[in-house]
Amino acid sequence: MPYGISIKCLNDTASPILRLWDEASSFEVSASMEDLNYPPHLTLAVFPDHPSHLDEVLEDVFTSQPRLFISFEGVGYFENDFLVLWARPRSDDALVELHAKLHRNLDPAICHEHYRVGRWVPHCSLATKVPSSEAKAAIEWAKQKQLEFSVEFDTADLVQFPPVAIDREYRLR
């Protein structure tokens with residue numbers, strides 16, 4: 001099972017994302033984000049296996065990391081086997097720097113290509129299993145949806161998935 005490194009929101013500022021989960025799930029057969037049983041998050045890295053020196057990297061990156069307040073401005077989508085809907089954060093230097101700091105000490109070859117520096121698209125998933133029969137309506141909804149809220153990401157973790165199992169967790173300052 002793969003591993004992921006994320007920052008997540010464990011506080012009330014997650015409520016706008018949770019409302020978007022409800023809206024976006026109307027395009028799915030089953031509510032994928034609710035089924036995940038994991039809070040709103042931004043994934044920073046994904047690995048097929050647990051890298052050998054990952055624990056030291058995580059300690060270095062997250063023990064003094066402040067909380068991040070990320071503003072969101074719209075909804076995007078990725079076209080895969082299923083359509084994925086996601087909340088688009090505004091450009092944020094602190095988030096980009098956190099991602100770069102994490103990846104400085106990791107071999108890019110062991111990280112999933114979509115999460116590597118230069119390829120990563122910061123996103124907070126809203127629905128991950130929109131079938132092709134609902135794709136047109138979901139894309140239209142995404143294009144029309146304008147967002148104006150911020151979320152406080154207060155925790156980082158290393159998880160193994162699916163299902164999500166937390167391996168290590170760090171409260172951000």
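Mentor: Happy to! A disulfide is a pair of cysteine sulfur atoms within 2.5 Å. Keep in mind that this is a predicted model, and with that cut-off the structure holds zero disulfides. Take cysteine 9: the closest cysteine sulfur to its own belongs to cysteine 124 and is 8.8 Å away, so the two are too far apart for a bond. Looked at from the other end, cysteine 124 is in no disulfide either, and its nearest cysteine sulfur is that of cysteine 9. Both side chains are tucked away from the surface: cysteine 9 is buried at 3% relative accessibility, and cysteine 124 is buried with a relative accessible area of 1%.

Now step along the chain from cysteine 124. Strand S5 covers residues 124-130, and serine 125 lies in this strand. Serine 125 is buried too, with a relative accessible area of 12%. Leaving aside residues up to four places away in sequence, serine 125 touches Trp21, Met33, His41, Val84, Leu85 and Trp86.

One of those contacts, His41, leads us on, as strand S2 spans residues 41-47 and is among the elements that cover the buried residues of helix H3. In H3 (residues 54-62), the buried residues are Leu54, Val57, Leu58, Val61 and Phe62. Viewed down the helix axis, they fall within an arc of 100°, so they line one face of H3.

Key:
Residues numbered from 1 in each chain as written. Predicted model: local features only at pLDDT ≥ 70, side-chain atom pairs only at ≥ 80, totals over all residues. Heavy atoms only, no water. Helix = DSSP H or I, 4+ residues; strand = E, 2+ residues; numbered from the N terminus. Buried < 20%, exposed > 50% of the residue type's maximum accessible area, 1.4 Å probe, protein only. Contact = heavy atoms within 4.5 Å. Arc of directions from axis to C-beta.
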